[in-house]
Amino acid sequence: MTPEYPRTAAPPDLAGLDEAVVADLARLLTRMPDPAGSAHGAALERELAATTGVRHAVAVSSGTAALHTALRALHIGPGDDVLVPALSVIMSVAPVVHAGARPIFVDCDPTGTDLDYDDLSRKVTPAAKAVLPVHLWGRPGDPARLARAAAEHGLAVVEDACQAQGSRAGGRLAGTTGDVGCFSLKDGKVLWSGEGGYLLTDRDDIAQRARSFRSHQQPPPPEDGHPAEVGYNYRLAEPLALLARANLARFDTLAARRRHQACLLADLLTGAPGIDVTDVPARRGWNGYSFLATVTLDEPRAFCQHLARCGVPNSVGTFGLIPADRRPALAPFTTAPCPHAAAVVDRTLAVILTDHDDEQRITGYAQTIMKEARRWTP
């Protein structure tokens, strides 16, 4: 969607939504229910498909709804298994449970950037129907290797690219390399509308079933030998579709700003004791969704929690991130441990970034991290 943003460049100008968009939103609200129906939703789907180079985009009410819809569009349900990374959030696993399938947790490689494919092969079951890679913090793994593993085991690929809008791997946008890619439009994402989501696919059958499933199976999907089922109300509200369209039109600016923020924080923390800045957007095709560093201080998880109390929001300290296979609610699905995922989470400082973080705030984060790292005593 956008070229790599140079680390040393000034941040792009990021004005808010312009007056014309605000006026359009006001007009839409005054005439709701809109006699034009879901005109903005349909236009958003066309624009997303054109922008990402896929045949179909299907707008839904959230990223969770996108994943649930994708699984059901692939006829994945009770009796089926889905391989999911332990290095993920509960929102990535919940749709598998909602679909009635069983999540099987797969470890990551020691760096946390891709799946452990040996572990995946050991855990494939006769009931396995899909693998659901999660591009956590916006970083996709190796799509070619994933495709080979999926083909070897006869698995569909459902990408959770909710944090990876604009990331690239293998020359392709994240979320466009599998059977279906799923995205979130929640506030805080690079492309946002407050709440919402969408899925991308080149497969006509998935798109047709997804459009039916999101709207109580109306109109009914084409007959394909599977029994009829009750759908859900996963439609995207028109005002949110309008906001998503406005932000899609300025996506390059939004994405460039997020990359700049991550790169600036990486520059400012170069040489910080116990903070290993080894992975920045300029070295990879990822979107800089969060600033990432490896904490080599003693008790890194406690350090991240300490930073959160000092005003630096981060995945571990602020949101209590743990591997999905260690979530109490998912304990019934946990079998073999995933030690790499646990180690990666505990030593990763993932600073939460938003559109509102200007250079002054980013500099403040850097100063706090540097100061607290120098004085850290667990």
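When I say buried, I mean under 20% relative accessible area, with exposed being over 50% and partly exposed in between, using a 1.4 Å probe and protein chains only. Okay, on to the model. It's a predicted one, so to speak: local features need pLDDT of at least 70, side-chain atom pairs count only at pLDDT 80 or more, and totals for chains, interfaces and linings use all residues. Numbering runs from 1 along each chain as its sequence is written, and side-chain values use heavy atoms, leaving out hydrogens and water.

Let's start with helix 3, residues 63-73. Helices here are DSSP runs of H or I, at least four residues, and strands are E runs of at least two, numbered from the N terminus. Ten of its eleven residues are buried, so helix 3 is largely enclosed by the rest of the structure. Among those buried are His68 and Arg72. At the N-terminal end, Ser62 does the capping, with a side-chain oxygen 3.4 Å from the backbone nitrogen of Thr64. Just past the helix, His75 has a positive phi of about 60 degrees.

Now zoom out. We've got domain 1, 19-246, and domain 2, 252-376, with bounds from an automatic or database domain assignment. Their centres, over C-alpha atoms, sit 25 Å apart. Each domain puts 35 residues into the contact, where contact means heavy atoms within 4.5 Å.

How much area do the two domains bury between them? About 2700 Å², 65% of it on carbon and sulfur atoms. That's accessible area, 1.4 Å probe, lost when the two parts are put together, summed over both. On the domain 1 side, Phe105, Trp137 and Val190 lose the most, together 27% of what that side buries.

Strand 3 gives the most to domain 1's side of the contact, four residues.

Last stop, Leu349 in strand 12, residues 348-352. Leu349 is buried, at 0% relative accessible area. Leaving aside residues up to four places away in sequence, Leu349 touches several others, including Phe291, Cys304 and Ile369. Its C-alpha is 8.4 Å from that of Pro300, 49 residues away along the chain.

Technical notes
A polar contact is a pair of N or O atoms within 3.5 Å; within protein, one must be able to donate a hydrogen and the other to accept it, and residues adjacent in sequence count only if both atoms are side-chain atoms.
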